[in-house]
Amino acid sequence: MSLLLDDKALKNLKLEKNSWSFETDDKAMNIQLKFDGFSSAMGFMMQIAIIADKMNHHPEWSNVYSTVKIRLTTHDAGGITELDEELAKKIDKIALQLGAISI
């Protein structure tokens, strides 16, 4: 099981990931991304699905046309862990490569 981020690590994550929003109880982090179109959004989701499967850490997400909403949390730990931080970094990198914007 992955351990929750401590207060200092969580504070640093919030500063580093300013395009992400953090729920008031700090148990999850969220982002909404806008892509060029449906195929770009789905391509992004497939890339992240492969990464998430390899990590055995899966996002909560939804897609409507060119918009993807993502929520990261580690359920068995009860909040944000280093797995969420690592997946968020990979999400940001691929979203940037595909020209997505955070909305």
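What volume does the largest cavity have?

Tutor: The largest cavity has a volume of about 30 Å³, where a volume is the space filled by probe spheres set on grid points joined across faces, edges and corners. This is a predicted model, in which local features need pLDDT of at least 70 and side-chain atom pairs count only at pLDDT 80 or more, while totals for chains, interfaces and linings use all residues. Residues are numbered from 1 along each chain as its sequence is written, and side-chain values use heavy atoms, with hydrogens and water left out. The structure holds one cavity of 30 Å³ or more; a cavity is a set of points, on a 1 Å grid over the protein atoms alone, where a 1.4 Å probe fits but cannot get out. Its lining, meaning residues with an atom within 4 Å of a point, consists of His57, His58, Pro59, Glu60, Arg71, Leu72, Thr73, His75 and Asp84. By class, two of the lining residues are nonpolar, four polar and three charged (Ala, Val, Leu, Ile, Met, Phe, Trp, Tyr, Cys and Pro count as nonpolar, Asp, Glu, Lys and Arg as charged, and the others, Gly among them, as polar).

As for the strands, S3 covers residues 60-64 and is joined to S4 by five bridges in the antiparallel sense; strands are DSSP runs of E of at least two residues, numbered from the N terminus, and two of them pair if DSSP finds at least two bridges between them. Asn63 stands opposite Val68 in S4. S3 and S4 form a hairpin with two residues between them, and Tyr65 in the turn has a positive phi of about 50 degrees. S4 (residues 67-72) also pairs with S2 (residues 29-34), antiparallel over six bridges, and there Lys34 stands opposite Thr67.

Notes. On a 1 Å grid over the protein atoms alone, a cavity is a set of points where a 1.4 Å probe fits but cannot get out, and a pocket is an open set with protein on both sides within 12 Å along at least five of seven lines; lining residues have an atom within 4 Å of a point. Helices (H or I, at least four residues) and strands (E, at least two) are DSSP runs, numbered from the N terminus.
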